[in-house]
Amino acid sequence: MITRILTLLTCFFLLLPVQAQLVLDEYTSDIFLTDKNSFFGIHTGDTAYYWIETNIQKNTSSDFLIECLAPQLKEVKCYVLNQGKDTIRSFITGAAYPFSQRYLQHKNFIFPLNMEPGVYTICIGVRDIQPDELYFKIRSDHFFTEYAISEYFFLGCYYGVLLIVLLYNLFLYMKGAMRVHILYVFYIIGCIALSVREDGIAYQYVLSYFPSLNFIFNLYLAKPIFLSTFIVYSVSFLEIKRYAAGIKKLLLFLLGIYVCMLLLSIAIPALMLLSEYVFFSVFIIVYITSLFIAKKGNHFAYYFFAGFSMVMLSVLINLLRSFNILPSTIFTVYSFNYGIILEVIIFSVALADKIRIIQQEKEQSKEALIVQLSENDGLQQRLIVELEEKKTLQEKVNRELETKVRERTAELQSANEKLEAFAKETDRLNSELDRFNYALQKEIKEEKISRIYNQDVSYEEFLNTYPDDDTCLKVIQQLKWPDGFVCKKCGNTKASNAGVWYRKKCSKCGTIESITANTLFHHLKFPLNKAFYLTYVEFSNMKQTDEALSELIDLRKPTIWAYRKKVEERMADKNYKKATNWKDIVLDLL
Ligand SMILES: [Zn+2]
């Protein structure tokens, strides 16, 4: 294709003169209008067109036609001039013209050469030329009919295969296969877009009523669709991001550049040619990258490389055909389509292989998962058993605790009952005690009164209470030292007995003190219990004579009188005024 561009440009700039003649005779079936004998020239008056001018010598009455093999051309004019330079036939058509206005309803532009034998000049003008699209052939009607039938049959097969692969992958994708499937579907759509642009099928069957849309599709849509779907699919299939992240960025950058150039070419037509280089560079880069990635260990990249090689081969065949090294047959003309079909088949095999391996991996991981799950199951079972054991243990502990609590509660209850009973008993006893106390106090009061007024206490009773001196001495000791011994001299509280128990010797200063010292009974010359009784009698103010007392306690009258006097004196002392009991006057007041 590039060679064709170069040839074209060279011819255009050199503006070689028109010469020679194409001879059409009985044996002519299929020749290039622009082949060897035809050259460019500028047709007078219409500089917006690129012109091809050629002379033909028609030696037969059979009909011929001119077929333009570039259905993308926006506008094509064809003039047939006789030797007198009179226009005998004129046609105008193109991708921007309604399909229905064509001379023949064929995907390519057809101009009939149904003139009488003779010499003619053919002028073909092309506007908005695409560099790889100047492809004109003169064919006999007979050849064209046969060729066109095969061509349409071939194209039917071609699109049929593409559609099958597309639907198959779409089906796989919808059944939940990988993302790469839907990208492959897009790529096939891209291939179809490019193919229908190249062969003109799109206009004949899809866009027939929209000439302007057809023109836009040819120029600005088909190739970018193909390029972008190709990049996206390649990046995904080859895992370019993983193996060569920089390449991915480069490809996207080139895609951006390409689209920009296409858009700018509306204003600057020269960019259209330049954009072709960008377009092809993407494929070269991906081709080399696929080999690089395959070498790096992604063996699926070999499939890609192999598939892509088919397309590269088809490009090579096209090149050889354009150099006339290979003949132009339906096989060489459509070598690109074969390349695409082979590529698509190889890619499909690659995808199937990839899916097979992925499914194998899935199976393996599924098996691993099953093993893991059964292990988990075992663990879970063990855990359940342990939990049940724990539960049983806990229930046992709970039962024991409950039993203990019940026992404790019962004990506590019985203790409470006992306590309650005890409290009741205490209450009863207390109330009894209260009653008793009350009675006792009443009794004591009565007794006291009786003792005071009725002189109830007899001498015999007294002797029962205070039978001997020791008893009396203890009573005195209790009165004198209620908190224990206290030395009169030094205040010491420790003492030892001095000979007898009722004589105490201070452990500090050594002072000896009798218990009766400093009491009413000091130097008493008769038994203490008798003195006690006499004190009681005197204190109680019993009207007893000395004589009666002398007889009662067996003591001499003068002794009784003397002692009674002593008690009487003490009772008269105002210091003993508060005394209520005979014992209150026992101690000397110091
Ligand atoms: Zn002392």
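Predicted model: local features only at pLDDT ≥ 70, side-chain atom pairs only at ≥ 80, totals over all residues.
Colleague: Which residues are the protein donors of the zinc ion?

Modeller: The donor atoms are SG atoms of cysteines.

Colleague: What spacing do the donors of the zinc ion follow along the chain?

Modeller: C490 is in the loop between α13 (469–480) and β11 (495–498). C509 is in the loop between β12 (500–506) and β13 (512–514), 19 residues apart from C490. The spacing of the donors is C-x2-C-x15-C-x2-C.

Colleague: Is the site of the zinc ion tetrahedral or irregular?

Modeller: The angles among the four donor atoms run from 84 to 135°. Four donors count as tetrahedral if all angles lie between 85 and 135 degrees.

Colleague: Is C509 buried, partly exposed or exposed?

Modeller: Buried means under 20% relative accessible area, and exposed means over 50%. C490 has 33%, so C490 is partly exposed. C509 has a relative accessible area of 38%, and therefore counts as partly exposed.

Colleague: Are α5 and α8 roughly parallel or roughly antiparallel?

Modeller: Helix α5 covers residues 211–238, and helix α8 covers residues 270–295. They pack at an angle of about 15°, with their axes 11 Å apart. Angles under 35 degrees count as roughly parallel. So α5 and α8 are roughly parallel.

Colleague: Which residues of α8 meet α5?

Modeller: On the α5 side, the residues include L219, F226, F230 and S234. α5 passes α8 in a left-handed crossing. The α8 residues are M272, E276, F279, V282, F283, V286, S290 and I293.

Colleague: How is α3 oriented relative to α5, roughly parallel or roughly antiparallel?

Modeller: Helix α3 (residues 179–199) and α5 pack at an angle of about 150°, with their axes 8 Å apart. Angles over 145 degrees count as roughly antiparallel. α3 passes α5 in a left-handed crossing. The angle therefore makes α3 roughly antiparallel to α5.

Colleague: Is S234 buried or exposed, and what is its relative accessibility?

Modeller: S234 is found in helix α5. Leaving aside neighbours within four places in sequence, S234 is in contact with E239, I240, V286 and F304. S234 counts as buried because its relative accessibility is 0%.

Colleague: How far apart in space are S234 and K248, C-alpha to C-alpha?

Modeller: In sequence, S234 and K248 are 14 residues apart. In space, C-alpha to C-alpha, the separation is 9.4 Å.

Colleague: What is the phi of E239?

Modeller: Most residues other than glycine have a negative phi. E239 has a positive value. E239 sits in the loop between α5 and α6 (240–243), and is partly exposed at 25% relative accessibility. The phi of E239 is near 55°.

Colleague: Where is N541, and what is its phi?

Modeller: N541 is in the loop between α14 (528–539) and α15 (546–553). At 48% relative accessibility, N541 counts as partly exposed. The phi of N541 is positive, near 60°.

Colleague: Is K137 buried or exposed?

Modeller: K137 is in strand β10 (residues 136–140). Leaving aside neighbours within four places in sequence, K137 is in contact with residues including D30, F32, L65, E67 and S328. The relative accessible area of K137 is 3%, so K137 is buried.

Methods
Residues numbered from 1 in each chain as written. Heavy atoms only, no water. Donors = N, O, S within 2.8 Å, 3.2 Å for Na, K, Ca; no water. Tetrahedral: all angles 85-135°; square planar, octahedral: opposite > 155°, others 65-115°. Helix = DSSP H or I, 4+ residues; strand = E, 2+ residues; numbered from the N terminus. Buried < 20%, exposed > 50% of the residue type's maximum accessible area, 1.4 Å probe, protein only. Axes fitted to C-alpha atoms, helices over the stretch in contact; angles between N-to-C directions. Parallel < 35°, antiparallel > 145°, perpendicular 65-115°, else oblique. Left-handed = near helix turned anticlockwise from the far one by under 90°. Contact = heavy atoms within 4.5 Å.
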